Amino acid sequence: MSSSEIQIKEMVANKWDLASETFDTHAGHGIQSQKEIDAWKHAFLKVFPEKGLKILDVGCGTGELSLLFAEMGHKVTGIDISRQMLNTAKSKAEARGADITFGEGDAENPPFDTSSFDIVFSRHLLWTLPNPKTAVENWKRVLRKNGKVVIIDGVWDSGTLESRVRRSAGDFLTLLIERKNPKKGHAGYSDELKARLPHAGGVPLEKVKEYLSSTGFEKIQVFDLKEVRAAQKENMPLGERIVRSYQYYLICGRK
Ligand SMILES: C[S@@+](CC[C@H](N)C(=O)[O-])C[C@H]1O[C@@H](n2cnc3c(N)ncnc32)[C@H](O)[C@@H]1O
């Protein structure tokens, strides 16, 4: 890894260390209701109905979905570059008696042998990687034959005027009506950091499809996660609920 890449990853890790305390309070991050738990389980059962799978959650953060996978009967390993996010994940797993292995590791090159996992999962990670294509290639390496890569991401800021206006209007409404900090639970990257990431505003679905197919993944499928979004929206700040709209998807492919 070049010194410039190390520097980017340190900046990213620092941001998430700081955000770790409030991360789960945001309705798009921490699971807020039984309805949302049910919606997530329903979505994942469509993608991998088998039980007892070995799942690697790359960029697992506070382990919100690692915990859900463990509850669904899978054997979960989570890696992240933020110590504070991992500390939160470990405390939550301990409190719930969940047997999950959490450790520090770079999602772009997970420190595991070839063919170690049935599923490599990432949510809200690809957008913050300096080398997303390399990451996808290495996810394929650690997957066993017929294993699946499962990616959840979206485009929060497409860079258009409409997307910027919607975002600012949503933040303003949340601040004005609910007196809540609209940035709570987010990392808030600087312009300098954003400029060093290829997809700082989110990764378009077509781009992820391209990463998967050029890496040799087959049977690529896309799911819209409407049920999950509807459940999350019930607990989102008003501004975000009524003003914001963006592309959000789950995409998977088979090795
Ligand atoms: C938006 S959070 C998502 C956390 C979790 N996946 C979730 O959906 O709740 C992004 C996470 O990716 C982690 N991250 C960013 N770059 C990483 C890298 N190169 N390797 C491992 N983790 C990384 C951050 O530390 C942070 O915890």
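I began with Pro132, which lies in helix α5; helices (H or I, at least four residues) and strands (E, at least two) are taken as DSSP runs and numbered from the N terminus. The model is a predicted one, in which local features need pLDDT of at least 70 and side-chain atom pairs count only at pLDDT 80 or more, while totals for chains, interfaces and linings use all residues. Residues are numbered from 1 along each chain as its sequence is written, and side-chain values use heavy atoms, with hydrogens and water left out.

**Entry 1: Pro132.** I looked up the burial of Pro132 and noted a relative accessible area of 4%, so Pro132 is buried (under 20% relative accessible area; exposed is over 50%, partly exposed in between; 1.4 Å probe, protein chains only). I also noted Val208, which is 76 residues from Pro132 in sequence but 9.0 Å away in space, C-alpha to C-alpha.

**Entry 2: strand β5.** I next examined strand β5 (residues 143-155), which is largely enclosed by the rest of the structure because 10 of its 13 residues are buried. I then traced the pairing of β5 (two strands pair if DSSP finds at least two bridges between them). With strand β4 (residues 117-123), β5 pairs in the parallel sense over 6 bridges; Val149 in β5 stands opposite Val120. From β4 the chain passes through helix α5 (residues 132-142) to β5, a right-handed β-α-β crossover (with the strands pointing away from the viewer, the path from the first strand over the helix to the second runs clockwise). With strand β7 (residues 247-254), β5 pairs in the antiparallel sense over 8 bridges, and Ile151 has Ile251 in β7 as its bridge partner.

**Entry 3: the ligand.** I counted 19 residues around the ligand, of which Gly59, Asp80, Asp106, Ala107 and Arg123 come nearest (near: a heavy atom within 4 Å). Helix α1 (residues 3-23) supplies the largest share of this shell, 4 residues. I sorted the shell by class into 9 nonpolar, 6 polar and 4 charged residues (Ala, Val, Leu, Ile, Met, Phe, Trp, Tyr, Cys and Pro are nonpolar; Asp, Glu, Lys and Arg charged; the others, Gly among them, polar).

**Entry 4: ligand distances.** I found an N or O atom in the side chain of Asp80 at 2.6 Å from a ligand oxygen atom. A ligand nitrogen atom is 2.8 Å from a polar backbone atom of Ala107, and a ligand nitrogen atom is 3.3 Å from a polar backbone atom of Ile81. Taken alone the ligand exposes 590 Å², of which the protein buries 98% (Shrake-Rupley method, 1.4 Å probe).

Notes:
A polar contact is a pair of N or O atoms within 3.5 Å; within protein, one must be able to donate a hydrogen and the other to accept it, and residues adjacent in sequence count only if both atoms are side-chain atoms.
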